[in-house]
2 protein chains.
Amino acid sequence: MPTELQLIERIRARIPQARRSGITLGIGDDCAIFRPRGSPDDLLFTTDLLVEDVHFRRETHKPEDVGWKALARGLSDIAAMGGEPRFCLVSLALAEWNDARWLDRFYDGLLELAEREKTVLAGGDLGRSAKTTCDIVVCGAAPRGRALRRDGARAGDAIYVSGELGASALGLRAGKGKASRRHLRPEPRLALGRFLRTRATAAMDLSDGLSLDLHRLAKASNLCAEIAAPPVFRGASLDDALHGGEDYELLFTAPARRAIPERFEQLRLTPIGTMRRDRAGEVRMDGVVLAPGGYDHFRR
Amino acid sequence: MPTELQLIERIRARIPQARRSGITLGIGDDCAIFRPRGSPDDLLFTTDLLVEDVHFRRETHKPEDVGWKALARGLSDIAAMGGEPRFCLVSLALAEWNDARWLDRFYDGLLELAEREKTVLAGGDLGRSAKTTCDIVVCGAAPRGRALRRDGARAGDAIYVSGELGASALGLRAGKGKASRRHLRPEPRLALGRFLRTRATAAMDLSDGLSLDLHRLAKASNLCAEIAAPPVFRGASLDDALHGGEDYELLFTAPARRAIPERFEQLRLTPIGTMRRDRAGEVRMDGVVLAPGGYDHFRR
């Protein structure tokens, strides 16, 4: 089986140009962009799978946490493009072990986050499967032409990350404490995303690990990235911070002379490097090439 | 476990009013409706799961047919509301047995229909699961306020179905012939849906069987339905036509005196009964109550 990136590229290569369909950005970013006729807004769409025994386990993840995370993953993609969430659609294929109580508690977690972030649950589908499988679609809005993309970085731009990385990987191992809560209840950085809309040149969320996600951003922008070690969550390893997935912090670039504050609403914003003209997609840390080591569903 | 309808009602009861989110119709119809600021169009959204060993089998369904059907199900929902498709998002959780060739052929079938119906594949997600699971979202557009809904039928309206029913149930049993093709490659009635936009008072697609779907339409419109036997596909049984799912024909209502042609582009349009003021949701055929016998994922 090819890698996940190769599979996505393979599908993308087959799509004819969008032609007057309203799609202004298709496969390959955090969200697709649709431009409704006559509207001052662009609409952003993202879809995310959450599968039992891949993204969560029956024994260790409470249904409320599964529901929260299902939505948080989608909201994080909206945040990465600077959007405001509007609504979501939830498809759930339930396994034999999911009873009505599990379903109620799943929606407890999902709706808690949905209400806080003003995201209306507008529809979905219910079905059966061997393993619990949730697919969530989130729609967000951004002023026309202003959504942040992965492909906007320019040579010389500074590279930033929000927060401290590796918390989710640590939390998954530890199973308790602050890091565990970060793993179970990730916080989509929606306010930061909107703040960056007029400041960043490119952005994406850190869902699969910095090494893989920065590779993607660099490749989309046709540049390479030179970084130093990112800020590491207390107790996590550098490896967790570089390759652990599901931190849902934002990775972004901005012109070197643009003032980016050290904190945005308590959240650290740390410059970790610079975009360079060189091999597109390559990431170097302290001068050494960093292989994309994040999560790939199709790597053995 | 409660029934599928009870589960959906349970989720719907928990959603706070949409308030300024742009959602003008939420859970409970074929599509949700979103009204973009300043646009002359409403946008329609539907999401549909397609799961191995529930909706298709590895042994009997070619990957091209699975891809076609995944999209056809969503397009049929857009047709039911009188929309024009704009784009789709496809999430695929692949099982161990799905190789890259299977994926290519899945997209062969999906893109064949997508290109014919001018539906751009705008994004999606890839993952792993124990059984192949596809979730598709289709977005369509209809002039503002003009989308057909389930809840618009009025007492005295005539009830119609397109085509002949039971083909898909017959085709599933037979495994060959014209009925089998109808099962494997359903045809979303998009042109008919748009034609009905100015003529029908309510509409939905027949995905789960006439008895269950008409019950849903009647319940949404707060009326009961009195029908005679619907047109039956050659070789199918009346039971197939009443309770067999996946015909993807349209079920609609129109004022009794409105002229509805006998055919629309070769497709028969047959009056099968009348909407009445009486127990909401009840369906009577030739005077006898017809229990909703269509497909319910949660019935044992």
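Guide: A salt bridge is here a side-chain nitrogen of Lys or Arg within 4 Å of a carboxyl oxygen of Asp or Glu. The model is a predicted one, and the values that follow are computed from it. By that criterion, the side chains of Arg73(A) and Glu246(A) meet in a salt bridge at 3.8 Å, N to O. Arg73(A) lies in helix H2 (residues 63–80) of chain A, and Glu246(A) lies in the loop between helix H8 (238–243) and strand E10 (250–254) of chain A, so the pair ties together parts that are 173 residues apart in sequence. A search of the whole structure gives 53 salt bridges over all chains.

The contact between the chains can now be considered. Between chain A and chain B, the count is two salt bridges. Arg37(B) forms a salt bridge with Asp41(A), where the closest N and O atoms are 2.8 Å apart. For polar contacts, the count between chain A and chain B is 12 residue pairs, both residues being at pLDDT 80 or more.

Several elements of chain A each supply at least two residues of the side that touches chain B: helix H1 (4–12), strand E2 (32–34), strand E3 (41–51), strand E4 (84–94), helix H3 (100–116), strand E5 (120–128) and strand E6 (133–143). The largest share of this side, nine residues, comes from E5(A). By residue class, the side of chain A that touches chain B divides into 35 nonpolar, 13 polar and 18 charged residues.

In extent, the contact draws 66 residues from chain A and 66 residues from chain B. The two chains bury about 5800 Å² between them, with 66% of it on carbon and sulfur atoms. Arg14(A), Leu126(A) and Arg128(A) supply 12% of the area that chain A buries against chain B, more than any other three residues.

The same surface serves both copies, as 100% of the contact residues of chain A recur in chain B.

The C-alpha trace of chain A spans about 55 × 50 × 45 Å along its principal axes.

Conventions:
Residues are numbered from 1 along each chain as its sequence is written. Chains are lettered from A and ligands numbered from 1 in the order in which they are written. This is a predicted model: local features need pLDDT of at least 70, side-chain atom pairs count only at pLDDT 80 or more; totals for chains, interfaces and linings use all residues. Side-chain values use heavy atoms; hydrogens and water are left out. Contact means heavy atoms within 4.5 Å. Buried area is the accessible area (1.4 Å probe) that two parts lose on being put together, summed over both. A polar contact is a pair of N or O atoms within 3.5 Å; within protein, one must be able to donate a hydrogen and the other to accept it, and residues adjacent in sequence count only if both atoms are side-chain atoms. Helices (H or I, at least four residues) and strands (E, at least two) are DSSP runs, numbered from the N terminus. Ala, Val, Leu, Ile, Met, Phe, Trp, Tyr, Cys and Pro count as nonpolar, Asp, Glu, Lys and Arg as charged, and the others, Gly among them, as polar.
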